[in-house]
Amino acid sequence: MASTTDTTALDRDVQQLARSLYRKAAQHKPSLFEAQDLLGRMIDWSLDDESLRVALFRFVDVLPSLESSSEIGRHLEEYFARVDHALSGLAILAQAVHAGTLVAPIVKRNVIKLARRFIAEESGNHLTTVLNSLRKEPAAFTIDVVGEATVSDGEATAMQERYLQLMRRLAAVSAKWPDIARIDEAPNGKIPRVNLSVKLSSLCARFDPLDPNTEAIVRERLRQLFREAAALGAAVTVDMEQYAFRELTLQIFRSVLEQEEFRAQPYAAIALQAYLTDAAQNTSELIKWARRRKRRIGVRLVKGAYWDSEVAWAKQKNWPIPVFLDKAETDASYEQVTRLLLESHDVIDAAFGSHNLRSLAHAIVAAKQIGVPANGYEMQMLYGMAEPVRQAIIENGQRVRVYLPVGELLPGISYLIRRLMENTSNTSFLRQTYADKKDIDGLIKAPEHAKPISPRRSESSGARQFRNEAPIDFSLAKNRENFAETLADVRGELKSSRRRGGEGWIDSVNPANPGEQLGQVRATSGAEAEKAIARATQFFPEWRATPARERAEMLFKAAAIMREQRWQLAAKELFEVGKGWRESDADVCEAIDYLDYYAHEMLRLAEPRETQQLASETNTYFYEPRGLAAVIAPWNFPLAILTGMTAAALVAGNCVLMKPAEQSPLMGVSLFEILQKAGVPDDALQLLQGGGDIGAQLVRSPQVHVIAFTGSREVGLEILREAYTTKSGQTHVKRVVCEMGGKNALIVDSDADLDEAVVHVIDSAFGYQGQKCSAASRIILLNEIHDRFFSRLVDATQSLKIGPPEDPRNAIGPVIDGEAKARIENYIRTGKKQAKCVLEMAAPKDGYFVGPAIFRDVDPHSRIAQEEIFGPVLSVIKAKDFEHALALANDSQFALTGGIFSRSPAHIELARKEFRVGNLYINRGITGAVVERQPFGGLKLSGIGSKAGGPDYLLQFLEPRTISENTLRHGFMPPEQTRK
Ligand code: NAD
């Protein structure tokens, strides 16, 4: 550990070196900030104008996917004509925009030129020309192959092949190069000239830490790359991607290197990111491993390129943010990890990837202080960026390696955007140096750790606030192990539960293995249902009189109990309805959210309101419960939907007769027990187990006031008919909350990001085997991208494994029961007569499995395009333009969810207005609505409720009343405070 005096001396040296490097670098300007062409000028202007910066990046993002000049012209206009700016220079831009089509080819050429500053061409001699000129500097290289996101097995093997070919080709080329000691030699020998950077996600159809196949497949593919590298004397560096992949990436890297054949070769390195809050600890662990293994490895220390995304993803999921929020903290962490690496020079070859002169100078000075020779570590910089800094570092005698992306521009665009963002962000060293011309002293001073932020007021004030339950993070091994153990425990418990024979029992079976009985529940008889109705009727006045706060507290308590039991509940759900790990957990989270959210909502609504202030009269508006509520739920979200409807009815003060679906009775029991434990009185909530007959009996009962139903359209419409027929003895009109099915469409526009669209279409269509009311079952593809997208969709689907969901390798589990299986297979047969079935995947014979099926050229009016199938069957429909696509999407009796993938602002706007569904999703999947964030429910024949998980939902279980009292008696008006 360095003492304070050492630190001060070190810092003085760092600043001195940084200043001298700065002087050297200041003579040049990096090419990005040389604003010569239109695009260069736009980048310059965008530094001062956030709306222009957003428009510019979005435009650059979409550009490579635009084929015709008219398309480019249209997007140019859509993105820039509306940019609100004050800069006079933008007049030129405005002209360009209005010239639209005319300037399109120039703009495209400009962007290609810009992109080629960052991404080299792989073909022909281009690459070797670049490498040769780098060697002249002298600078070594590491190649990063940019490509489309890997979404299928075919793409993964093609990528691996590309890596192998590239290594071989470069090994042959580089063998002829004369030695340059500075970049080819290290204290412990020759440095491989060929250096390949590999993203592990590119080696697997879907890199998912939850799926054990990911590790097995990627490990094998990396092994082959390492083998080839060892044979060729090349180096491989494993790149680091998002935080969710880190643990698995490190695990794969280490486990391959633990194999005996790789004890000494190849030269292998891994990237670590200083912006992660646990970067130092993680680095220490890796160093310890290398020591134990007695193996030299390389570490490339970077700050991290996914900062915006990491923050956004963590916030979406309510997970702790894994990155430092303050740039100075990242810089400080970088210096801390720099020391750790240099101090471990016995096993670590450190590479410092940065353009920040302070960080680089710090590494150089620290190395000297620790005693690492100048050729014992290296500096890495990105191709096309910070060339003056690179020159200054080379002049200073350092070994420099350039990180060189190669490949096509279209798939390389996300890389380009990341680089542009980095260059132009307010905290970028380059921007501060070259564009903002900040004072050098400020730029090179020692980064300070930010002061701890005091907790937000809402958290410290004690006021309870609604917050969505965070899902389990299955990227962490400890959570995967925990859930696997819970599954085994729960299965054991279910097996040991007592069975009774005879009539009057409902069996719960595992749909993946129908021979496995999970439990039994007593079926409620008609007479028992009547008794329950009578009991509830009698208790209602008391429940109504219970203060809303007490009822809300019961829900808060139930939420707390559910949180404690969440692992077991998710495991039970997995077995009872055949849901995968994440989906089962998500259902439990949603159930907890409903309990919490509706409790908060009731507290909001419970306060009576004075409608108008009059001196002579009080006018009070308030809500009362309706009476008896029948809750009739489906099996597909067996905890969340049942909980949502029950919690809303109960907290509003209604006595609830709760009927779960006959396919998921155990989840019904679990919820019932939790609510009882939370203090809900026996007569306020009664559990009725059974099928449609019990449901129908409740609907018919003149004593029932409100029916909360979620299920199929057929049953829903039947319930509406029945409920609105007044029976003798009935003294009220029933209120029906009725959420029904969907036939949801997802449009993929001609300019969509296809990498993203493929992944989300698959999730939306085949997640939980398509058994979600929100599932995508119609995919509408614009002509231009139809064939390209379709073949990737089919390939990616084919890479999905089918089998029991307790095994996380299986992305596709069983459908709910034999009846569902028969119905879905029947639809597939019908579909084959009406359209072309391009994919019908084989499925295991035991269990209620149906393999995904995809149809193309589907007639939009055919049965498979119009009827809800509720299974893994996808109809793909072609559209000639976006308006046509919208018309096709709206051409349905249903209108629950819908979505579009598009990068055209005008099309997005049009969809907002004209795509008439209850929940519209833009550039994301169309399932998984989150309580409060996305209140959920459909239009047309999809439902008449007002949005589950939204601010109006509880009103359906309440009746508003108004009471007016004249307070004036013979001219005497009571003082204000006594008037209530
Ligand atoms: P379903 O309509 O068969 O059954 C739903 C519930 O209604 C079950 O509890 C069932 O026992 C009961 N029921 C059946 N016949 C009845 C009758 N005549 N009277 C009263 N109750 C009766 O639906 P399901 O198969 O359980 O669920 C799948 C359906 O639910 C799909 O159509 C899906 O789209 C829909 N769903 C809609 C939403 C939404 O929010 N809109 C959410 C989930 C599921």
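**View 1. Salt bridge between Arg 193 and Asp 184 in the predicted model.** In this predicted model, the side chains of Arg 193 and Asp 184 form a salt bridge with an N to O distance of 3.4 Å. Arg 193 is buried at 16% relative accessibility, and Asp 184 is likewise buried, at 2%.

**View 2. Salt bridge between Glu 959 and Arg 626****.** The closest N and O atoms of Glu 959 and Arg 626 are 3.7 Å apart. Because Glu 959 belongs to strand β29 (residues 958-966) and Arg 626 to the loop between β14 (617-625) and β15 (628-632), the pair ties together parts 333 residues apart in sequence. Glu 959 is partly exposed at 35% relative accessibility, whereas Arg 626 is buried at 13%.

View 3. The whole structure contains 60 salt bridges.

View 4. Arg 74 is partly exposed, with a relative accessibility of 22%.

**View 5. Surroundings of Ser 202****.** Ser 202 is located in the loop between β4 (195-198) and α10 (212-232) and is buried, its relative accessible area being 9%. Its side chain makes a polar contact of 2.8 Å with the side chain of Tyr 163. Apart from neighbours within four places in sequence, Ser 202 contacts Thr 150, Ala 156, Met 159 and Tyr 163.

Key
Residues are numbered from 1 along each chain as its sequence is written. This is a predicted model: local features need pLDDT of at least 70, side-chain atom pairs count only at pLDDT 80 or more; totals for chains, interfaces and linings use all residues. Side-chain values use heavy atoms; hydrogens and water are left out. Helices (H or I, at least four residues) and strands (E, at least two) are DSSP runs, numbered from the N terminus. Buried means under 20% relative accessible area, exposed over 50%, partly exposed in between (1.4 Å probe, protein chains only). A polar contact is a pair of N or O atoms within 3.5 Å; within protein, one must be able to donate a hydrogen and the other to accept it, and residues adjacent in sequence count only if both atoms are side-chain atoms. Contact means heavy atoms within 4.5 Å. A salt bridge is a side-chain nitrogen of Lys or Arg within 4 Å of a carboxyl oxygen of Asp or Glu.
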